[in-house]
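Let us read this model together, one feature at a time.

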Amino acid sequence: MTLAKVWLRIFFVGYLAVFAMWLVSLTNLPFYGDLTRIGRLSERDFGWTAPAPTVDPAYLKAVPVDQADVLVIGDSFSMTYYWQSALVKAGYRVATTYWGQYDIVLCADFDQWLERAGFKGKLVILESVERLLDERTVSGEACEKINKPLAAQLKPFVDPAELPGADALPNWSARFDTGPVAYYNAWRAKQSASVIRFKDTRVGPVPDGCQLFSHKLCTKLPFFVDDEDNGPLTPGTLARMQVFTKKHETVPLLWMVIPNKTTVYVKPDFSKDFEAGFRKSKLGPDLYAFAREKRTQIRDFYFPNDTHLSMHGQLQLGELMLDAVREVLPVPPAKSP
């Protein structure tokens, strides 16, 4: 056999292999969860399947900062405006801004920052997921001035997650190796009796998983590595929150600490010292207790394939936050004619 024929056969076999991988990728559902996308895991195994609730678009609209009763400073857990919709439906005018728009928010000129933006409301909600709160409070200790003017977005930063529709396949946007890698990683996770890591996603056993989640491989659950790697919240975190609250009493502050998905489902004592102190401090509602209760009552309370609360979870969170807001503002302020 000539060298040319050998190379031709190698090329042909390689072409068939790549073509087969591409065909598999065409049948792989597009990623619709952060953790499956990061870890390159099959959505057929880890994607949620129960339909998500919807919200009337009229309640997903925000107002400019100078017209707001309530200002939400939040992270990705507030970007769909789903939990805020409970406040809007009750008559509160809500504006939402995002931690990521600024280098640091918890700075010495916080009150002046609100004033410069024309905020005349009666409440500021500081929403942060557990894994990022300590870093945010530490950064704020030495910060004198917030680097950008306060700006809020009238429409949600992101659309709510949806199940892939009938037009999701074939998945023309997939790389040729996406499908084989996703199926192989899911197979590895299924075979492993312990936690296994895929880039920044960890997959491990979860007690009563098939009662808690709707995905196919419900005995296993993906988690974001930063949930643990960033460390727990501590009494030091709480002390910094208390100092900031004391220094900034011009407008009431309500802290909204959302537990990590890992904390809720597999490591309930992760920030136990902070949690106990926060509960006594009355700085905000106890979302740790709330999450422990709702995780067994609501299937897919957190998305199985994502690090965030599901739309089911966000709507329940909204009702809890409405009660918390009413303790500060029992009746929404009357709107100007």
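**Reading a predicted model**

Q: What average pLDDT does the chain have?

A: pLDDT is the predictor's confidence in each residue, from 0 to 100. The chain averages a pLDDT of 89, and 86% of the residues score at least 70. Over residues 14-24, however, the pLDDT is below 50, and this stretch has nine contacts in the model beyond near neighbours in sequence, a contact being heavy atoms within 4.5 Å. Where pLDDT is low, the predicted coordinates should not be read in detail. This is a predicted model, in which local features need pLDDT of at least 70 and side-chain atom pairs count only at pLDDT 80 or more, while totals for chains, interfaces and linings use all residues. Residues are numbered from 1 along each chain as its sequence is written, and side-chain values use heavy atoms, with hydrogens and water left out.

Q: How many helices and strands does the chain have, and what share of its residues is buried?

A: Helices (H or I, at least four residues) and strands (E, at least two) are DSSP runs, numbered from the N terminus. By that rule the chain has 14 helices and seven strands. Buried means under 20% relative accessible area, exposed means over 50%, and partly exposed lies in between (1.4 Å probe, protein chains only). Of the 337 residues in the chain, 49% are buried. Among contacts between residues at least 6 apart in sequence, 79% join residues at least 24 apart.

Q: Which residues have the most contacts inside the largest nonpolar core?

A: A nonpolar core is a set of buried Ala, Val, Leu, Ile, Met, Phe, Trp, Tyr and Cys residues joined through side-chain atoms within 4.5 Å. The largest one here has 34 residues, and those with the most contacts inside it are V70, L87, I125, Y265, L317 and M321. The elements that give it two or more residues include β1 (70-74), β3 (123-129), β7 (253-258) and α14 (311-328), and α14 supplies the largest share, five residues. Not counting residues up to four places away in sequence, I125 touches V70, L71, V72, I73, W83, L87, L254, M256, M321 and V325. A second, separate core of 33 residues includes L106, L114, M241 and Y288.

Q: Which way do the residues of strand β6 point?

A: In a regular strand the side chains alternate between the two faces of the sheet. In β6, K220, P222 and F224 point one way and L221 and F223 the other way, and all are buried. Two strands pair if DSSP finds at least two bridges between them; strand β5 (residues 201-205) pairs with β6 in the antiparallel sense over five bridges, with V203 standing opposite P222.

Q: Is D227 buried or exposed, and which residues does it touch?

A: D227 is found in helix α9 (residues 226-229), and at 0% relative accessibility it counts as buried. Leaving out residues up to four places away in sequence, D227 touches R131, N260, K261, T262, F270 and T307.

Q: Where does A152 lie, and with which residues is it in contact?

A: A152 lies in the loop between α6 (130-141) and α7 (178-191), and is partly exposed, with a relative accessible area of 29%. Leaving aside neighbours within four places in sequence, A152 is in contact with V65, A95 and T96. A152 and V72 are 80 residues apart in sequence and 9.2 Å apart in space, C-alpha to C-alpha.

Q: How many disulfides are there, and what parts does the pair C107 and C143 tie together?

A: A disulfide is a pair of cysteine sulfur atoms within 2.5 Å, and by this rule the count comes to two. One joins C107 to C143, with an S to S distance of 1.9 Å. C107 lies in the loop between β2 (94-98) and α5 (110-116), and C143 in the loop between α6 and α7, so the pair ties together parts that are 36 residues apart in sequence. C107 is buried, with a relative accessible area of 1%, and C143 is buried at 11%.

Q: How is the disulfide of C210 and C218 handed?

A: C210 is joined to C218, S to S 1.9 Å, and the torsion about the S-S bond is about 80 degrees, so this disulfide is right-handed. C210 is partly exposed, with a relative accessible area of 39%, whereas C218 is buried at 10%. With the bonded cysteines of the chain numbered in sequence order, the pairing is 1-2, 3-4.
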